[in-house]
Amino acid sequence: MTPRGEQLLRKELERLKTVERPRIVAAIAEARSHGDLSENAEYDAAKEEQGLCEARIKDIEAKLASANIIDVTKLKPQGNVPLKVVFGSTVTVLNVDTDEEITYKIVGEDEADIKANLISYRTPIAKGFLGKVEEDEVTINIPKGQVTYEIVKVEYIN
């Protein structure tokens, strides 16, 4: 995971523990005060929400405990060797067919957001870019067929 991804998960974890968990506990207490729990839809909904919240907390804690944080800004280029596309790198590519240029950052699954051009390292596009250097051409199979990209620029930035 990238440092940004770790930071986002830690913020979400903090919010779940300090805001959501107390809010849900209060909702359960309120629903209990209404009496008979066997037919109390508010109580059932609050308990279900509590289960989902606790599951997400456990999921985030497990991910953070086992995560390898990769900060590409600490990678040092070696002499005149071109930068390779690696996990965490930012890559600008040119669609050879349409002349459209786009920049992607290759990130972990939890960070992926195609609208923000953050693509998971597990996607076919990212897999095609990994290990390539500037001026390499890559043909990738996507659901719509094949697309060929030229690697324009590789950066190790946040």
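A pocket is an open set of points on a 1 Å grid over the protein atoms alone, where a 1.4 Å probe fits, with protein on both sides within 12 Å along at least five of seven lines; its lining residues have an atom within 4 Å of a point. The largest pocket here is lined by 15 residues. This is a predicted model: local features need pLDDT of at least 70, side-chain atom pairs count only at pLDDT 80 or more, and totals for chains, interfaces and linings use all residues. Residues are numbered from 1 along each chain as its sequence is written, and side-chain values use heavy atoms, with hydrogens and water left out.

**The largest pocket**

- Its space comes to about 260 Å³, a volume being the space filled by probe spheres set on grid points joined across faces, edges and corners.
- Nearest its centre lie M1, G108, E109, D110 and Y121.
- Two elements, α1 (3-32) and α2 (41-66), each give two or more residues to the lining.
- Helices (H or I, at least four residues) and strands (E, at least two) are DSSP runs, numbered from the N terminus.
- The lining divides into six nonpolar, four polar and five charged residues.
- Ala, Val, Leu, Ile, Met, Phe, Trp, Tyr, Cys and Pro count as nonpolar, Asp, Glu, Lys and Arg as charged, and the others, Gly among them, as polar.

**The sheet**

- Five strands form an open sheet in the order β3-β2-β1-β5-β4, with mixed pairing.
- At the edges are β3 (118-120) and β4 (137-142), each of which pairs on one side only.
- From one strand to the next, the twist averages 45 degrees, taken between N-to-C directions of lines fitted to C-alpha atoms, on a scale from 0 to 180 degrees.
- Two strands pair if DSSP finds at least two bridges between them.
- Strands of a sheet pair through backbone hydrogen bonds, either parallel or antiparallel.

**Partners of β5**

- β1 (residues 90-95) and β5 (residues 145-155) run antiparallel, joined by six bridges.
- T92 has K153 as its bridge partner in β5, and V93 has I151.
- β4 and β5 also run antiparallel, with six bridges between them.
- A hairpin of two residues links β4 to β5.
- I142 is bridged to G145 in β5, while N141 stands opposite Q146.

**Around I125**

- I125 sits in helix α3 (residues 124-129).
- Leaving out residues up to four places away in sequence, I125 touches Y104, I119, I140, I142 and Y149, where contact means heavy atoms within 4.5 Å.
- I125 and Y104 are 21 residues apart along the chain, with 9.9 Å between their C-alpha atoms.

**Salt bridges**

- The count is 13 salt bridges, each a side-chain nitrogen of Lys or Arg within 4 Å of a carboxyl oxygen of Asp or Glu.
- E20 and R23 form a salt bridge through their side chains (2.6 Å, N to O).
- These two residues, E20 and R23, are about one helical turn apart because they lie three residues apart in helix α1.
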